[in-house]
Amino acid sequence: MDKTIMSLERHFLDQQRRYPEARGDFTKLLTEVAFAAKIVSREVNRAGLAGILGRAGQTNVQGEDVQKLDILAHNIMVRSLNHLGLLCALSSEESEGMVRIPDEYPVGNYALNMDPLDGSSNIDVNVSIGTIFSILRKVSYAPRGDVTDCVQPGYKQVAAGYVLYGSSTMLVYTSGQGVFGFTLEPSIGEFLLSHSHIRIPRSGNYYSINEAYSHRWKEEVRDYLACAKRSRESGGRGMGLRYIGSLVADFHRNMLKGGIFLYPADKQNSHGKLRYLYEAAPLAFIAEQAGGKATNGDQDIMKIVPTELHQRTPLIIGSADEVDFAMRFFRQNQTHAECA
Ligand code: AHG
Ligand code: MN
Ligand code: MN
């Protein structure tokens, strides 16, 4: 069998060749994001040694301060990307305002939003976590960019991706030409193409939601869940539950196996928990490119026009048929939808 071995860099260059007018900045930016992800991956892999080499808030054997892993990931991403002259704006879940690009560095025509480490409750317990990123074109007239470059609707994204630090490290991305997945080969430090043109199955057997919050849910969420669980013979979806508590990991499993992830609004959080720019919009772009769907229950995630950096949104995302089924319950003014 003759199977091509394709590195991430080679794949980006091949993609770039389709656009003779491209200056290569976009390719460079994606390459640098992947480079930063390799460093984060190394740190995540040795996180279990923190007790031996030093803990957060302590100094390690080299006498350096040990940072919490999400702050460390944020710093690695910023330090890898802020000096390249490719970005005019940078925002992160870990920073209240925009991340400043120091005046001595050149700026470019792209903005990047990121969740440097997703799955905070799983960071210290050796369970899969991830990084999410979203790339947009500069739209402001400010010479060095401003917040409007970051706060843009999902459909304006030119690329989005996530890195999953799981049993292997994987980078999955789209630039609007389908979804590609690369697996890190640690011995050579390269991402190799392992999943070409990923398509999310139209339907799936898993739902992912934090059911402990059911007492706070609105009626439609409870009604939907009852139907998701009910057997197919009785008009339900006959689904099983998988909930890791790391959005990237739950989403990735559903991408490959089919299923639906829900983090709805509830009586306590009228906008849910997840962030539009750092979590919902980038994963919605990927889902859409893979043939899936993403909604806030009322509107496509990709069409929402955000107004704030840290804006939250309810998120229902995954296989197209599963999201459509859920939408029968969630659409505004919809009362008492029933199982099929
Ligand atoms: P983050 O670690 O970036 O703050 O995100 C955590 C998110 C997401 O990864 C996960 O799906 C969700 O929080 C879990 O929240 P609950 O513990 O409320 O279920
Ligand atoms: Mn997150
Ligand atoms: Mn995070």
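Q: What coordinates the manganese ion (ligand 2)?
A: The manganese ion (ligand 2) is held by D115 (OD), D118 (OD) and E279 (OE), at 1.8 to 2.2 Å. Donors here are N, O and S atoms within 2.8 Å of the metal (3.2 Å for Na, K and Ca), and water is not among the atoms, so sites may look incomplete.

Q: Before we go on, what sort of model is it?
A: A predicted model: local features need pLDDT of at least 70 and side-chain atom pairs count only at pLDDT 80 or more, while totals for chains, interfaces and linings use all residues. Residues are numbered from 1 along each chain as its sequence is written, chains are lettered from A and ligands numbered from 1 in the order in which they are written, and side-chain values use heavy atoms, with hydrogens and water left out.

Q: OK, how are the donors of ligand 2 spaced along the chain?
A: For the manganese ion (ligand 2) the spacing reads D-x2-D-x160-E. That pair links distant parts of the chain, since D118 is in strand β2 (residues 110-118) and E279 in helix α8, 161 residues apart. Helices (H or I, at least four residues) and strands (E, at least two) are DSSP runs, numbered from the N terminus.

Q: D118 and E279, buried or exposed?
A: Both D118 and E279 are buried. Buried means under 20% relative accessible area, exposed over 50%, partly exposed in between (1.4 Å probe, protein chains only).

Q: And which protein donors does ligand 3 have?
A: For the manganese ion (ligand 3) they are E93 (OE), D115 (OD) and L117 (O), lying 2.2 to 2.3 Å from it. Their spacing in sequence is E-x21-D-x1-L.

Q: Which residue bridges the two ions, and how far apart do they lie?
A: D115 bridges the manganese ion (ligand 3) and the manganese ion (ligand 2), which lie 3.7 Å apart.

Q: Why does D115 count as buried? And L117?
A: D115 counts as buried because its relative accessibility is 0%. L117 counts as buried because its value is 2%.

Q: Switching topic: what does α8 pack on?
A: An open sheet of 5 strands, ordered β9-β8-β10-β12-β11 with mixed pairing. Its edge strands are β9 (240-241) and β11 (293-295), each pairing on one side only. Helix α8 (residues 276-289) packs on the sheet, touching β11 and β12 (315-318), and its direction makes about 25° with that of β12. Two strands pair if DSSP finds at least two bridges between them, and contact means heavy atoms within 4.5 Å. Angles run from 0 to 180 degrees between N-to-C directions, with axes fitted to C-alpha atoms, for helices over the stretch in contact.

Q: Where does α9 lie?
A: Helix α9 (residues 320-330) lies across β10 (259-263), β11 and β12, running at about 150° to β12.

Q: How do β8 and β9 pair?
A: Strand β8 (residues 206-208) and β9 pair in the parallel sense over 2 bridges. Y206 stands opposite G240 in β9.

Q: Where is D266, and what does its side chain make a polar contact with?
A: D266 sits in the loop between β10 and α8. Its side chain makes a polar contact with the side chain of R216 (3.2 Å). A polar contact is a pair of N or O atoms within 3.5 Å; within protein, one must be able to donate a hydrogen and the other to accept it, and residues adjacent in sequence count only if both atoms are side-chain atoms. D266 is buried, with a relative accessible area of 3%.
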